Amino acid sequence: MLAIDVKDLRKQFKVQKNREGLSGALKDLFKREYNEVTAVKDISFQIPQGEICGYIGENGAGKSTTIKMLTGILVPTAGHIKVNGYVPYKDREQFVGGIGVVFGQRSQLWWDIGVIESFQLLRKVYRVSEADFRKRLDNLVERLQLGDLLNRPVRKLSLGQRMRCELVASLLHNPSILFLDEPTIGLDIVVKTEIRDFLLEMNREHGTTILLTTHDLQDIEALCSRVIMLDDGRIIYDGGLDDLKSRWSKGREIQFQFAGHTPLAKLQQLTEELAVTWSLENDVTAKMWLPHEVNVSDALSKVVAGTEIRDIKIFETNTDDIVRSIYSSGSAEVSKETSGQ
Amino acid sequence: MMSAYIDFIRIRFLMMLAYRVNYYSGIVIYAINIGAYYFLWQAIYGDKESLAGFTVAQMTTYVAVSWMARAFYFNNLDREIANEIRDGSVAVQLIRPYSYLFVKMMQGFGEGLFRMLLFMVPGMIVVCLLFPVKLPTDLSTWLIYLVMLFFSFLINSQINILTGLFAFFVENNEGMMRMKRVMVDLFSGVVVPIAFFPGWLSGIMQWLPFQAITYLPSAVFTGRTPSNEIAGVLGLQVVWFLGLLLPIWFVWRTARKRTFVQGG
């Protein structure tokens, strides 16, 4: 069964246009002008149950707008959405009982009351039985190490502590789909890792479907089997992360550390027949960049034959670089050409 | 589910209790207000026995009761809703399986209860000691008044909710909220009983919901409304309560369609 089914989803906003100057302001007073902005442009995708899917894109690409439509906060302008068997904006109150949502930039806990009181209130809101609640809470508290935080008011928690509490709050009713909107924003590496491990475990044990937006690609690498990439309201990539890497990365880089001084000219001469490029780091270190067409063993054997090597490192193009180049090109087609496919 | 809604009342009550120091000064301010109006009316009456059907004693009681009632029905739901819409936290409210507006109403009620118990009751005692206020001795009047006071709260909160929801449509509804506050205070009869308005204006007032907030219950409580009209007055409050549900439902529905959650 599909957890999320989206077809030709579109969202348009009317944005007030402020005209310039005093006369503009006066005109605005009587007749407002609006700009239509299309934040999400006819996107379609499907996510099966139990999948962890990353939803990435630049700021303003339409990620949050999509999440807000999927969670029933926003009503789409056009298109079909089915999440968990519901049309989110239509049966909002029943629908949200089956999903969990974490907004990294907004707290869903009550600011002035203790964490445990927030949880108790949520228990009543979601109509969770006391026994289930105890069991789940104990489990979550143990896994996310919240023990001594429960009695503190939310405003006295650090960001990392609060985020873990937010996660618990979104899971108390055991939702089958979890939406995470930038869950690791502003967190230190330890908390990030903890949260990632926790999410993976939960996905394995309960089969929870997770859709997460993030700017931290390590979240994606650690969690997601699938990535949907959005640019300017359109989906420009939908598939596995490995696919993405091999499709968009243009090659790899090999760093050599030589026994002695090795001039650039000599290295270039050694690999004459191959389409590789060299750059010197210092006297004894050089980097060779080779596109995917060139076989690593071919290139290596040429270099090994003519030099004495102390150390070799191979760098795969990292995801950050790939994504950066996709964002800056902004279009799937251009990059496809250059990736040589 | 109802227990969750009741919890919202409880939590708001506890939160108000946590910040109760703010309210000690409130009692003094209300007492000063009542005092100021008392002396003002004394001056206006001069040596006249009654004005617009109010005797001096009735007027004193009316002023005291109206201000104390205001302590109960007054809340800042309009501002709370407008702020939540403006800073986008209304999004978090919408991912929960409850009715946002009903929760707001409950929070307002928690606030009202708090003010009634820790503000209105002690305040009333202070006022009774300071000024010649004559409260009814008839138990049924008290009961009817409590029911009417509850409807005052409902109608005032409905007007607040409507005003707050306009934040969905305009970028800044600060001016609207201020205008609403002045209108409620003036037209509901806290400042001047509606009987004192010129004929044409009190004629208009009859057709607005504001009089149902203060004037009608206070008039019943001070014995100005003949007992055979009490049922009709209460009925009018109920009609306004039901009537206001319609625009709220409509505005909420329209707002949901064009919500555009600010930030992120």
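Predicted model: local features only at pLDDT ≥ 70, side-chain atom pairs only at ≥ 80, totals over all residues.
Chain A contains 13 helices and 13 strands. Its radius of gyration is 25 Å, well over the 20 Å that the globule rule gives for 341 residues, so the chain is more spread out than a compact globule. Taken along the principal axes, the box filled by its C-alpha atoms is roughly 75 × 60 × 45 Å. Buried residues account for 35% of the 341 residues, and, among contacts between residues at least 6 apart in sequence, 73% join residues that are at least 24 apart.

An open sheet of six strands, with mixed pairing, runs through chain A in the order E5-E6-E7-E3-E8-E9. The edges are held by strand E5 (99-103) and strand E9 (234-240), each of which has a single partner strand, so one side of each is left without a neighbour in the sheet. From one strand to the next, the twist averages 15°. Within this sheet, strand E6 (residues 177-181) and strand E7 (residues 209-213) of chain A pair in the parallel sense over five bridges, and A:Leu178 has A:Ile210 in E7(A) as its bridge partner.

| Helix (chain A) | Residues | Strands involved | Angle |
|---|---|---|---|
| H2 | 63-70 | E3 (52-57), E6, E7 and E8 (226-231) | about 150° with E6(A) |
| H6 | 159-171 | E5 and E6 | about 160° to E5(A) |

Helix H2 packs on the sheet, whereas helix H6 is described as lying across E5 and E6.

The packing of side chains can be followed through the nonpolar cores. The largest of these has 135 residues, and those with the most contacts inside it are A:Val168 and A:Phe179. The element that gives the most to this core belongs to chain B, namely helix H7 (residues 139-165), with twelve residues. Which residues does A:Phe179 touch, not counting those up to four places away in sequence? The residues in contact with A:Phe179 are A:Ile67, A:Leu70, A:Thr71, A:Ile99, A:Val101 and A:Leu211.

Conventions
Residues numbered from 1 in each chain as written. Chains lettered and ligands numbered in written order. Helix = DSSP H or I, 4+ residues; strand = E, 2+ residues; numbered from the N terminus. Rg over C-alpha atoms; globule rule 2.2 N^0.38 Å. Buried ≥ 20, exposed ≤ 12 C-beta atoms within 10 Å, placed from the backbone. Contact = placed C-beta atoms within 7 Å. Pairing = 2+ DSSP bridges. Axes fitted to C-alpha atoms, helices over the stretch in contact; angles between N-to-C directions. Core = buried A, V, L, I, M, F, W, Y, C linked by C-beta atoms within 7 Å.
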